[in-house]
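Biologist: I have not looked at this one before. Can you put it up and walk me through it?

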Amino acid sequence: MNRSVKSFLKGAVAAAASFALVLPAAHAAEKKDFKVAWSIYVGWMPWGYAADTGIVKKWADKYGITIEVKQFNDYVESINQYTAGAFDAVTLTNMDGLSIPAAGGVDTTAVIVGDFSNGNDAVILKGKDKLEDIKGQTVNLVEFSVSHYLLARALESIKLAEKDVKVLNTSDADMASAYKTADVTAVVTWKPIVSTILEDKDAKKVFDSSQIPGEIIDLMVANTEVLKDNPKFGKALVGIWYDTMKALAADKAAKEHMAKASGTDVAGFDEQLATTKLFSEPKDALAFVNGPDIKTTTERVSTFLFDKALLGKDAKEAGAIGVEFPDKSVFGDKANVKLRYDATFMQAAADGNL
Amino acid sequence: MRLLNLKPDKTWSFVLAALPFFLLIGAYMVGSDLRLTTNPNDKLLPSFGAMAEAFKHMALQPDPRSGIYLMWNDTLSSLSLLLTALAISTLIALVFGILIGLLPVAGATFGPVVAVASMVPPLALLPILFIVMGLGDAAKISLIVIGTTLKLTRDMALRVQDLPREQLIKAQTLGASTWQIGTRVVLPQMLPRLIDTVRLELGPAWLFLIAAEAIAADAGLGYRIFLVRRYLAMDVIIPYVIWITILAFLMDLGLRFLQRRAFPWFAGAREA
């Protein structure tokens with residue numbers, strides 16, 4: 001290699017080093033502008049309504065901040081964006097909160113416990129009406145989602161294990177049409193897909209999340225550091241949420257708005273709400289999050305995720321990622337707490353201290 | 001000296017070719033380091049070490065749950081779908097391309113329908129295919145076949161029409177029948193050109209395969225990428241993307257090699 005090539009290479013390496021690909025990392029420090037991501041799901045529709053009708057602006061103005069609320073069509077993408085640091089808060093389930101941001105090292109705090117699935121997620125068999133008939137079947141579901149967890153819990157309830165069925169990963173967008181094909185005989189999915197599938201005469205619901213109440217929890221979580229430096233943001237989120245809950249209970253137009261945004265009508269939306277245990281009052285959410293069941297659930301979910309190797313490759317046990325509860329007790333590794341249930345903001349709402 | 005006359009010598013060509021790769025890798029390393037110093041568990045831009053570790057888990061160690069080597073199993077599954085589909089579409093394209101290009105009657109019959117059908121975006125057909133053919137391999141193979149055959153056929157027909165008329169007339173004055181002209185004059189000249197076209201269609205074929213695997217599958221390279229995407233496992237996704245690129249590159253290289261070995265006259269004519 002001649003000298004000019006060598007010196008050229010040196011320059012190139014230096015250039016590469018300076019040409020850094022820097023993505024926005026969530027930076028803690030006091031700030032004024034916040035971004036919240038949410039996706040279409042019955043328990044999260046209030047966020048869209050709150051953004052459209054000025055409830056978000058009202059609370060943001062009160063604390064002198066701005067909050068941008070962005071709807072995602074793809075749930076997983078919204079979580080990935082939050083984990084990457086592009087958003088300060090996101091709506092997700094307890095299980096995904098543990099396996100995506102927390103396992104990705106992003107310390108995450110559940111600010112609002114919005115609801116739990118009380119029948120929204122279901123195991124459906126074609127032409128068979130007993131759960132036991134699932135043995136040996138191919139089950140279509142979104143792998144590693146809450147559906148997968150529901151299947152594991154359903155199988156457990158009849159002393160079977162996942163090896164007794166064959167799981168086939170199927171996109172949620174195509175679940176309803178997949179059910180119409182002859183070779184699909186068992187599916188696990190969520191509403192409104194469940195409702196669409198159950199319109200078919202052969203479809204029989206054999207297990208649903210009301211049989212494991214309180215285990216699939218829908219949360220609004222925020223980056224712990226951001227929250228610590230900006231408690232105003234947490235207060236505003238809680239304020240927005242309970243204002244919107246009041247609107248949903250009192251105002252027919254609010255429900256219509258949410259029903260329309262989720263692509264259904266009021267009757268369809270009511271049907272989804274019926275199988276969702278919505279915590280409309282802060283005291284209900286507080287009772288739930290301060291109660292003992294959430295600890296058992298966390299252990300179950302962590303064990304499931306560990307079995308599926310979703311807690312990270314270095315995880316040696318189900319408690320590899322610590323989860324802190326409102327009473328400051330911790331499940332798992334105390335030195336690696338990445339998911340926190342924090343009741344202080346909901347408590348402030350209950351006490352009228354916002 | 002004018003810039004357009006400046007030709008790099010061998011060493012410089014090599015350096016210039018390597019430069020963009022080094023820049024990309026360097027930029028990635030810097031970005032990855034920056035994110036990993038703030039959060040050592042960051043999943044978005046994993047270090048090369050983490051990717052090597054993930055590669056080891058996927059390719060060199062059997063999966064503790066199923067006992068199979070996931071990456072090879074995925075590769076085998078994807079390649080068998082892709083190659084089956086490409087074999088089918090190449091065969092169809094060869095037969096119909098020559099018919100449409102050579103026989104005016106066939107051209108009048110199939111030409112317009114092929115031209116119109118090739119405008120249908122194949123991915124838009126995917127939901128229909130899944131309902132009609134089920135979620136199994138048949139739907140995935142059909143998608144790739146539909147996506148690639150029509151373009152291959154159109155290209156074949158055009159290339160047949162590009163043959164000098166004089167050749168066909170000469171063969172006829174020598175007493176050749178339509179069948180003989182088709183099999184002895186046109187076909188041998190089309191085969192190396194078909195390889196060219198298939199090379200260009202490799203990209204779309206991969207695209208369709210991965211799109212189909214993302215929707216319903218239990219193995220495959222696209223399946224794995226969309227599965228681990230659920231927990232942002234970039235340390236698996238990035239090696240998979242590199243592996244797919246290498247596979248596609250090798251297939252392209254293989255076809256080029258085949259063309260050179262099987263039809264040396266064609267490569268020679270092209271260089272002349």
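Modeller: α4(B) passes α6(B) in a left-handed crossing. Keep in mind that this is a predicted model.

Biologist: At what angle do helix α4 and helix α6 of chain B pack, and how far apart are their axes?

Modeller: The angle is about 135°, and the axes are 9 Å apart. α4(B) covers residues 104-117 and α6(B) covers residues 137-162. The two are therefore oblique to each other.

Biologist: Which residues make that contact?

Modeller: From α4(B), Val114(B), Ala115(B) and Ala117(B); from α6(B), Leu150(B), Thr153(B) and Arg154(B). By class, four are nonpolar, one is polar and one is charged.

Biologist: What about helix α7 of chain B, how many of its nine residues are buried?

Modeller: The number is zero, so α7(B), residues 165-173, lies largely in the open. Gly175(B) follows α7(B) and has a positive phi, near 95°.

Biologist: Switching to where the chains meet. How many residues does each chain put into the contact?

Modeller: Chain A gives 42 residues and chain B gives 39. On the side of chain B that touches chain A, the elements giving two or more residues are α1, α2, α5, α8, β1 and α9 of chain B.

Biologist: Which of them gives the most?

Modeller: α1(B), with 14 residues. By class, that side of chain B has 23 nonpolar, nine polar and seven charged residues.

Biologist: β1(B) was in that list. Which strand of chain A is joined to β1(B), and do they run parallel or antiparallel?

Modeller: Strand β7 of chain A, residues 166-170, is joined to β1(B) by two bridges, and they run antiparallel. Thr170(A) is opposite Ala216(B) there.

Biologist: What is the strand order in the sheet that holds β1(B)?

Modeller: The order is β9(A)-β5(A)-β8(A)-β6(A)-β7(A)-β1(B), an open sheet of six strands with mixed pairing. β9 of chain A and β1 of chain B are the edge strands, each pairing on one side only.

Biologist: And inside the sheet, in what sense do β6(A) and β8(A) pair?

Modeller: In the parallel sense, over two bridges. Asn140(A) has Val187(A) of β8(A) as its bridge partner.

Biologist: Where does strand β14 of chain A stand, and how many of its residues are buried?

Modeller: Four of the five residues of β14(A), residues 337-341, are buried, which leaves the strand mostly covered. Three bridges join β4(A) to β14(A), and these two run parallel. Thr109(A) is opposite Arg340(A) of β14(A). Strand β12 of chain A also pairs with β14(A) in the parallel sense, over three bridges, and Val323(A) is opposite Leu339(A).

Biologist: Back to helices, in chain A this time. Is helix α4 of chain A enclosed or open?

Modeller: Eight of the ten residues of α4(A), residues 75-84, are buried, so the helix is largely enclosed by the rest of the structure. Among the buried ones are Tyr75(A), Ile79(A) and Tyr82(A).

Biologist: What do those buried residues of α4(A) pack against?

Modeller: Against β1, β2, β3 and α5 of chain A. Gly85(A) comes after α4(A), with a positive phi near 105°.

Biologist: And how do α2(A) and α11(A) pack?

Modeller: At about 115°, with their axes 9 Å apart. They are therefore roughly perpendicular to each other, and α2(A) passes α11(A) in a right-handed crossing. Met45(A), Pro46(A), Gly48(A) and Tyr49(A) of α2(A) meet Ala254(A), His257(A), Met258(A) and Ala261(A) of α11(A). By class, that contact has six nonpolar, two polar and no charged residues.

Biologist: What is the phi of Phe144(A), and what is that of Lys159(A)?

Modeller: Phe144(A) has a positive phi of about 70°, and Lys159(A) has one of about 60°. Neither residue is a glycine. Phe144(A) is in the loop between β6 and α6 of chain A, while Lys159(A) is in the loop between α6 and β7 of chain A.

Biologist: Is each of the two buried or exposed?

Modeller: Phe144(A) is buried, with 24 other C-beta atoms within 10 Å. Lys159(A) counts as exposed, with 8 C-beta neighbours inside 10 Å.

Key: Residues numbered from 1 in each chain as written. Chains lettered and ligands numbered in written order. Predicted model: local features only at pLDDT ≥ 70, side-chain atom pairs only at ≥ 80, totals over all residues. Contact = placed C-beta atoms within 7 Å. Nonpolar A, V, L, I, M, F, W, Y, C, P; charged D, E, K, R; others polar. Pairing = 2+ DSSP bridges. Axes fitted to C-alpha atoms, helices over the stretch in contact; angles between N-to-C directions. Parallel < 35°, antiparallel > 145°, perpendicular 65-115°, else oblique. Left-handed = near helix turned anticlockwise from the far one by under 90°. Buried ≥ 20, exposed ≤ 12 C-beta atoms within 10 Å, placed from the backbone.
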